[in-house]
Amino acid sequence: MNKISRSEQKQLLNRAPLFDDGFHSLRSAPKLPRTMIKEARKVVAIARKFTETVIRPYALELDRTIQQDPDFLPWEFIKKANEWGFYSMWIPKIFGGKGYSIPTLALFLEETSRECLAMSNLIGVHYLGVGTLFATWNIRLINEILTDVANGEKTGEPVLISLAHTEPGAGTDLEETELMDQGTITCRADRVPGGIKINGTKVFISSGHMSKWHMTTCFEDPERPSSSAVIAAVKTGSEGFSFGRKERKMGQKGCPASELIFKDCFVPDDYVAADFNQLKTLKRDITPSVSQLIDYIVATSRAGVAAWGVGAARGALEDALAFAMETEVGGKLLVNHEWVQIRLAEMHKNVSLARLSYIETNYANGLEGMFKIIQFKPVYYMLKTTPHWAVERFIAPFLSRSLTTRVFRYLQMDRQTDDQIARTTGWASLAKVSGTDAGICNCHLALEIMGQAGLRQDRRTEKILRDAKLLQIYEGTNQLNRLNVFKSLVGRNIPEIKLFAHE
Amino acid sequence: MIKRSEVKEWMAHEPAFDDIMCSLRSAPRIPRTMISETRKVVAMARKFNNEVVRPYTLELDRTIQQDPEFLPWEFVKQANQRGFYSLVIPKIVGGKGYNFPAMSHFLEEVGTECLAMSNLIGVHYLGATTLLATWNMKLINEIIRQTAEGEKTNDPSLITLAITEPAAGTDVEEVSLLDKANITFNARREQGGYVLNGTKVFISNGHLSKWHVVIGYEDQSRPSETMLVVVVKTGTKGFSFGRKERKMGQKGCPASELIFKECFVPDEHVVFDSRHSAKLKRPPRETGRQIIEYVVSVSRAAVGAWGVGAARGALENAMQFAMETHVDGKLLINHEWVQCRLAEMYKTMALARLAYMENNYANGLDGAFKILQLKPLYYLMKILPASMIDKFITPTLGLPFTTWLFRKLQMDWQKDEQIHRTTGWGSLAKVSGTDAGIRNCQMALEIMGQAGLRHDRRVEKILRDSKLLQIYEGTNQLNRLNIFESFLASHHSRIKVYEHE
Amino acid sequence: MIAVKDKELKMLDKAASEFAKKQLAPEREENDKFPFGPFFDDVLAKAFELDFFHIILPESLDGMNQGMAALSVILDNLCREDSSLGGIVFTNSAAQQVMLEAGATDLLADIVSAESINDFLIAFPVFNNPAEVPHLAEATPDGNGFTLSGKLEYMVLGGISGHCLVPAKIAGQDGYSYFLVNTKDNNVTVSDPVLSLGLRACPAVDIDFNNSKAALVGNQGEGDTYFTKMADRLHAAAAAMAAGVMKGSFNEAFSYSKERFQGGQAIINWSEMKMMLSNMAIAIENADMILATAVSAVDNQFPGWERSSRAAALQIQASACELTTDGIQALGGVGYMKDFGQEKRFRDAKHIQALLGIAPMKRIKYIEALLK
């Protein structure tokens, strides 16, 4: 009665909801390198130590400083983080980094952001730049820039990478290729001998003022941006590149949101990470390739943003708990009032669920997305065990060959199926919405419990609320991310369904 | 950057790393074939849905609205024929030996089509789990083996858990509240056994079950220290069924009253009592708590899965409706606000699923499934043919030594923090899943308008069915307090839970 | 909605609305910088001229002798543009009301005859129900009056007003009493303004008394009675503040949604945006209806007016927190920046929810009142 043939099973499981859409942790289990849990413990321990010794003592002061002097830049902190090696910690060893497994970055971001979202951003946003670079699979350029980052840690001169994407007239529009062509996009790239010239303005660029490299998106034909996107690496100090204003934000004040101005800024061909000429060699058409590239970026970056949401949610919970443990109301400790216990439990639930969602996203990225190759057990262990000199001698020279880029692009781009793209980007949006909503929800609950104490900056929670609100907006507003959850996971492969269908 | 000893120390800080990373901790220990087994179980459930559950759902609900006394024997027999009552029962006690966590996925799948029918299967495992939680291997073997036999002879042998009393619901779920409870059920010690008097109510599947795992108390004034677990068979003298509740939903699954009048239970049917607990490390009250926590750590994952099933059912029906309905000249599904809401429903459902999965990982690492999922044992059970098991392993189950060994491993060796972790995740999964169910039903009904109100569109039934999930296995409020106690309060002596002036 | 029929209220409505648009809106971002920017003394002085601080004072004290309807109309309008001024008006009114409830008209007469706004203002810990705080300042009898010692957290307007109204315990007695303390001489130590979530130009300080001379307000031990009576009334006004913030946030989001283009259209054409704005508009309409009923109940002393007033506040304040988060969301990135005031309204809404005590505790008290 229970006999089910192989083909029948396959057919039943490929019916919506697809089995594979929902079981990343279990599917990952046999493939995960055994030492990943150990690494995770170590990374979390490092994060906790750094948080206690560096972040916590400085969090309120930094926020206050920038309220007083909005133009202040937190160079001191960046240097500290650089000394601790955080800017190359999750860069693979072959590119000179420390090679920690990338999913542990999200755990690190949660831990640090529990005390200060701004400082956690000052570390995490760098990996948004790194992720963008990776998404192009331009191995030669990846190698060059990331080696620069690693050297910066040795010399004590921080080398950070930003992603310069948002424009004054286009935020949401730039996160979706389906919207790009209807948008008001102005950052253009003109072909000139030996390279391109960029003209335009980018805004809200996190860590902009503090970064040395800017992964800049621009468009050869701003009328048809989705099929003419260019990703170029621009170095601070280049001719025609300058910083504009620094935004006055409600929160995350410690992490600058910068305006970047490009006026006839020349970028040589070697620093064009991806463009039409490179992408046209791929299997997919140009627009889907651009879309795939963006999905690679957001599938990882949104897990990071979700982790920040969880950090904020945890910070609010921990503050509220501490407050409730030291405050008496109506003759008994607040924490012993049941309504407080139930709210704290609800906050804990929000934290836990949201955390699971970003962890699941990272499983998906490991199975079918950006971390696939690097978590492939043989590669993983080889990189763990090969000594540094051997990497330098035998592997590094291959990285600048165009064949290497071709191989990687074949493996990671051509071989990635549409289902896999949908799963990774869909889960990332799901995690992003879950994490950031949890952050805001918990801040509200905490502030309600804390009454007037919650209003004071020196009790921390009001700062968390200000900081966390940004998370619902950047990396695609939560509304856009919900639409992406719909597109990728709910209404996938259904021909009747149209997205962004406005008459 | 950091020393080994430091890592350990930072990991113990709150939130303790082990509390929050169950899936990653599990990864290296999870047997490789669990994923293929899980695929198979989900496929079975989907097939069963197609052939049996979906065609019968609305009819069963309607039948019982017409005739409240109707009992769904037909369905129970079909489930029995397909072997679902011994699906995740270990092979050593005659079952099919699929891994236990797969049951949650099975229940979710069936729950998307009908919560009542999913309960008709799942509640049986609540009874079985209660037996398991006492680690009385002899009785576990005896009673559960009958279920497997019953599948071969087409005579369903279901097990219930009888714990709730007319005046004590939440109170009996939480040992801290037990001593303040109004307990009326009485177990009197007599020569060679116990005599039961009193009533149990809201017992799911009561009327349909052959065995009832009954929780009683020797001393009603000190129930937390004198808890006992016995099994009573339908037909025993002094045992009878009372009324069947008229419920808002889950109508297909009867909630029964069980009446005990001078009902004698011989010692060989006593699963656990003070004589057993005297041999354990923990004091009786703590042992009682540990048994309850074992049960709810498992059962609440199942309730969480039902919540997810309900949430999915609501989503799928709303989606279906939106795909076939035109509003303002375009398909409802192509309105963005609908897409955003469906996405939100998907998110709510997906997160709740992660919660019960994490709960199961925790049970595998630190709780009820620990031994079964130990790789060597797991593979041994896979490979050994049934005949070998019956010949060499089963006979040992009757030995007192076996029960002693299992109790040592699973009870004495289980640490308090492991109890906290498993029961905490149980509550977290239960609250998340069941709230997701209700929330999605409400959102679906908003999208569907008048169509949502009709019985034949299914969603109003899902709403009625799923409301019960927020109530049984401990109300969601009680479960929130348990989350608080398990994860947040256990490190702080100044915090008191369940304290009223 | 409150000001639909009544002529006098209509005039107040217009005056407050014009004042808010001309005096508050243009300098909103600047005024919000306090304590890191200058305090808006001149705006405060202008509001003083317009009698915004005299609404609930009786005619015998040269007041307008108006009720919660009038106060709500003012606060609603002010808070649309900048709740800080609303917070100042509210705090001062709360202090005045406590003194009126206590029958301390003589003490109050002295204060309200002041020429300058600063001498006129009374600081008051308006974000707290003193009955819930275990450690109050302590008062000791001293000749005809009392002396006050101890610390009080979060005294609103503490740094800018001539007097403060302080809840304190008299040793050996149950309950607490209110005392009026002149902040000028008098061994009163005031901290720097406490950097806070919202209402930045309605500053609060931590304050220390060290044998400070204090005058008893009303009777000994009756503090909680006065506070409760005041809070019964003023909750309606707190609701009005939340409603004002909601309107400001909606107006901004609504006009922005017509100007911002994404996906080739004004974002108002996205149905999800319509849904969001619609939810906001509906919440505002409901808030208005609730508020109108509540203030009318208070001013006419309908049976159960206390409940109406408190229920209005709890409902509208929670609703404002929900609405203002969407208010930012509708503007995306720029909503988060200082430019449009949306981020300020988000902070202010949460801040306003904490007026007169811990919000969930107020909900619990609400049902307990019904139990009695």
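Author: Ala162(B) has Val214(B) as its bridge partner in S4(B). Four bridges join S1(B) to strand S4 (residues 211-217) of chain B, and the two run parallel. Strands (E, at least two residues) and helices (H or I, at least four) are DSSP runs numbered from the N terminus, and two strands pair if DSSP finds at least two bridges between them. This is a predicted model, in which local features need pLDDT of at least 70, side-chain atom pairs count only at pLDDT 80 or more, and totals for chains, interfaces and linings use all residues. Residues are numbered from 1 along each chain as its sequence is written, chains are lettered from A and ligands numbered from 1 in the order written, and side-chain values use heavy atoms, with hydrogens and water left out.

The open sheet of chain B has four strands in the order S1-S4-S5-S8, with mixed pairing. Strand S1 (159-162) and strand S8 (270-272) of chain B stand at the edges with a single partner strand each, so one side of each has no neighbour in the sheet. From one strand to the next the twist averages 25° (axes are lines fitted to C-alpha atoms, for helices over the stretch in contact, and angles run from 0 to 180 degrees between N-to-C directions).

Two helices pack here. Helix H7 (residues 115-134) of chain B lies across S1, S4, strand S5 (227-233) and S8 of chain B, at about 70° to S1(B). Helix H8 (residues 137-152) of chain B touches S1, S4, S5 and S8 of chain B (contact means heavy atoms within 4.5 Å), and its direction makes about 125° with that of S1(B).
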